Amino acid sequence: MRNLFLLGLLFFMFNTSVIRAQEMNPTKLGELIESVTDTFEINGNSFRFVYKDVFLFTIYDESANRMRIISPIVQRAEIEEEQLLNALVANFHSALDVKYALSDEIIWSVFTHPLKELSNHQVLDAIDQVYLANVTFGTTYSSTNLVFPGNAKKKDEPGPKKLIKRD
């Protein structure tokens, strides 16, 4: 009987000490985003919203357990090569959970994560980081105040490398 009691006690202690991930789903995600945004609109499997005067999207795929929070920054044609290279350097040093990306000739700030494993805090932090990466593009290229050591910006060095031009 004593062994059964100890086994039950160990089982209880183990289960209460394990922190379980929140089961995020599209409904919870939408409600959380809507609670901190200026405008909010649902369109299929995406949310469009304005956060501190910046336009953002959240796109999710529940069956693939993935989601993205993204924000368009600038047309590729409107920036110099140095800005694009600085964004790549920032992806390593100062754009922490968010990355700069190029899609359809637009530079974006992008946060990606498994949907179910997201916590409320992670969603709110991701919105803030996507916003900050957007508004600091061209200056500090950062998504938080934390910067890993190293080059903050790409230094001009002579070299034959050129961007590949698509037709």
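This is a predicted model: local features need pLDDT of at least 70, side-chain atom pairs count only at pLDDT 80 or more; totals for chains, interfaces and linings use all residues.
**View 1**

**View 1. Strands E2 and E3 run antiparallel, joined by 6 bridges.**
E2 holds residues 46-51, and E3 holds residues 54-61. Phe49 stands opposite Leu56 in E3. Lys52 lies in the loop between E2 and E3.

**View 2. Strands E5 and E6 form a hairpin.**
The two strands run antiparallel, with 5 bridges between them. Tyr100 faces its opposite number, Ser109, in E6. How many residues lie between the strands of this hairpin? There are 2. In the hairpin, Asp104 takes a positive phi near 50 degrees.

**View 3. Leu102 sits in strand E5.**
Is Leu102 buried, exposed or partly exposed? Its relative accessible area is 44%, so Leu102 counts as partly exposed. Setting aside neighbours within four places in sequence, Leu102 is in contact with Arg76 and Ile107. Ile73 is 29 residues from Leu102 along the chain. The C-alpha atoms of Leu102 and Ile73 are separated by 9.9 Å.

**View 4. Phe57 and Trp108 form a tilted aromatic pair.**
A search of the whole structure finds 8 aromatic pairs, including this one. The ring centres of Phe57 and Trp108 are 6.3 Å apart. Their planes stand at 50 degrees, so the pair is tilted. What parts of the chain does the pair link? Phe57 is in strand E3 and Trp108 is in strand E6, 51 residues apart. Both residues are buried.

**View 5. Tyr100 and Tyr141 meet edge-to-face.**
The centres of these two rings are 6.1 Å apart. The planes stand at 80 degrees, so the pair is edge-to-face. Tyr100 belongs to strand E5, and Tyr141 belongs to the segment after H4. The two residues are 41 apart, and the pair links distant parts of the chain. Tyr100 is buried, with a relative accessible area of 7%. Tyr141 is also buried, at 1% relative accessibility.

**View 6. Three aromatic residues make one cluster.**
The members are Phe40, Phe47 and Tyr60.

**View 7. Glu41 and Arg48 meet in a salt bridge.**
Side chains of opposite charge can pair when their charged atoms come close. Here the distance from N to O is 2.2 Å. Glu41 is partly exposed, with a relative accessible area of 38%. Arg48 is partly exposed too, with a value of 30%. How many salt bridges does the count give? It comes to 2.

**View 8. Lys52 and Asp128 form a salt bridge between a loop and a helix.**
The N to O distance is 3.6 Å. Why does this pair tie together separate parts of the chain? Lys52 lies in the loop between E2 and E3, and Asp128 lies in helix H4, so the pair joins parts that are 76 residues apart in sequence. Lys52 has a relative accessible area of 44% and is partly exposed. Asp128 is partly exposed as well, with a relative accessible area of 26%.

**View 9. The whole chain sets the close-ups in context.**
The protein chain has 4 helices and 6 strands. Along the sequence they follow the pattern α-α-β-β-β-β-α-β-β-α. Of the 167 residues, 34% count as buried. Among contacts between residues at least 6 apart in sequence, 61% join residues at least 24 apart. The chain exposes about 11,100 Å², and carbon and sulfur atoms supply 56% of this area.

Technical notes: Residues are numbered from 1 along each chain as its sequence is written. Side-chain values use heavy atoms; hydrogens and water are left out. Two strands pair if DSSP finds at least two bridges between them. Rings of Phe, Tyr and Trp (its six-membered ring) pair if their centres lie within 6.5 Å; planes under 30 degrees apart count as stacked, over 60 as edge-to-face and the rest as tilted. Buried means under 20% relative accessible area, exposed over 50%, partly exposed in between (1.4 Å probe, protein chains only). A salt bridge is a side-chain nitrogen of Lys or Arg within 4 Å of a carboxyl oxygen of Asp or Glu. Contact means heavy atoms within 4.5 Å. Accessible areas come from the Shrake-Rupley method with a 1.4 Å probe; for residues, only the protein chains shown count as cover.
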